[in-house]
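Open the model in your viewer and keep the selection tool ready.

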Amino acid sequence: MDTAKGIGIIVNNPENADVRSLEGVSPTKNKSVAIIAVPTTAGTAAEVTINYVITDPEKQRKFVCVDPKDIPVVAVVDSDMMSSMPKGLTAATGMDALTHAIEGYITLGAWELSDMFHIKAIELISKSLRGAVKNESEGREGMALGEYIAGMGFSNVGLGVDHSMAHPLSAFYDTPHGVACAILLPPIMEFNRDYTGEKYREIARAMGVKGVDDMSQEEYRDAAINAVKQLSLDVGIPQDLKGIVQEKDIPFLSDSAFKDACKPGNPRDCTAEEIAAIYKSLI
Ligand SMILES: NC(=O)c1ccc[n+]([C@@H]2O[C@H](COP(=O)([O-])OP(=O)(O)OC[C@H]3O[C@@H](n4cnc5c(N)ncnc54)[C@H](O)[C@@H]3O)[C@@H](O)[C@H]2O)c1
Ligand SMILES: [Fe+2]
């Protein structure tokens with residue numbers, strides 16, 4: 001879907017034939033060729049977002065293009081199209097969708113309308129992902145709806161440093177996007193915890209944690225992070241970057257993440273050194 005969006009934009013904006021010229025907020029004049037998008041994974045929400053992500057193999061980096069002119073004219077979101085996904089792909093793409101919902105919920109530009117989408121998406125994804133991994137139809141349907149609703153939210157407000165740190169892992173080591181997002185999610189939630197007001201209480205509640213109204217701030221923040229860790233473990237996601245990241249590569253990865261278009265949306269400002277410390281803590 002992202003490739004279709006890039007091609008659709010370039011066909012109608014030939015002066016931007018080098019896709020690198022479209023990084024960040026794209027300087028295009030014309031709408032994309034009409035795209036009918038049919039997701040076969042329940043993760044990216046690219047069928048409804050204003051973004052597409054491109055890998056530059058020469059520079060070993062992934063970059064995000066942001067352009068409201070690329071939104072597909074029709075999205076066919078049908079869980080039957082996703083039912084052939086194996087377990088690992090279902091888990092990884094589902095955790096990508098959860099990361100969208102959580103990062104979109106706590107991002108700097110979040111407001112009441114986007115909160116509404118993200119909380120519903122967190123609830124649907126938390127309730128459905130385990131069943132989707134078992135290929136149960138209720139789980140598949142919940143994930144199809146959840147990933148789409150998350151996209152309706154984050155496409156309007158942005159993401160955060162989890163996505164900034166996930167992109168170099170895919171560009172450099174070919175780590176699947178959802179796996180990278182999922183491994184980083186608990187440590188990034190920990191990094192952001194003091195910059196999120198009451199939001200982790202609502203994340204914990206949406207993930208089915210009982211008694212959140214009686215919890216202290218520290219307790220409900222721990223509860224939200226633990227609920228994410230538990231879901232990630234239950235669907236078989238690795239919990240660290242051992243065997244993926246090599247220490248010698250951390251300066252390159254951190255520099256790449258620091259320059260990523262998703263980083264400015266993170267609720268806590270962060271330096272390249274802080275990003276490097278998070279990568280290091282996971283190896
Ligand atoms: N546009 C956006 O807003 C946005 C948001 C998040 C991620 N992304 C990008 O999306 C890409 C990842 O997309 P993805 O997670 O959907 O994975 P993918 O499209 O890379 O697919 C992964 C693999 O699974 C296979 N596959 C797909 N559907 C299948 C099915 N139903 N049954 C069996 N196999 C199937 C594919 O052929 C491929 O080999 C990354 O590049 C990521 O950066 C974009
Ligand atoms: Fe993503």
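Select strands E3 (51-56) and E4 (61-66). E3 and E4 form a hairpin with 4 residues between them, and in the turn glutamine 60 has a positive phi of about 50°. Helices (H or I, at least four residues) and strands (E, at least two) are DSSP runs, numbered from the N terminus. This is a predicted model: local features need pLDDT of at least 70, side-chain atom pairs count only at pLDDT 80 or more, and totals for chains, interfaces and linings use all residues. Residues are numbered from 1 along each chain as its sequence is written, while chains are lettered from A and ligands numbered from 1 in the order in which they are written.

Now look along the two strands. E3 and E4 run antiparallel and are joined by 6 bridges. Strands pair if DSSP finds at least two bridges between them. Find isoleucine 54: phenylalanine 63 in E4 stands opposite.

Go back to glutamine 60. This residue is not a glycine, yet its phi is positive.

**Stop two: another positive phi**

Select aspartate 174, in the loop between helix H5 (161-173) and H6. Aspartate 174 is not a glycine either, and its phi is positive, about 65°. It is exposed, because 9 other C-beta atoms lie within 10 Å.

**Stop three: two domains**

Colour domain 1 (2-75) and domain 2 (87-281) separately. These bounds come from an automatic or database domain assignment. Taken over C-alpha atoms, the domain centres are 23 Å apart. Where they touch, 16 residues of domain 1 are in contact with 24 residues of domain 2. Contact means C-beta atoms, placed from the backbone, within 7 Å. On the domain 1 side, E4 gives the most, with 4 residues.

**Stop four: the ligand**

Select ligand 1. How many residues surround ligand 1? There are 19, and Thr40, Thr41, Ala46, Thr49 and Val53 are the closest. E3, helix H2 (87-106) and helix H6 (177-192) each give at least two.

Notes. Near = placed C-beta within 6 Å. Contact = placed C-beta atoms within 7 Å. Buried ≥ 20, exposed ≤ 12 C-beta atoms within 10 Å, placed from the backbone.
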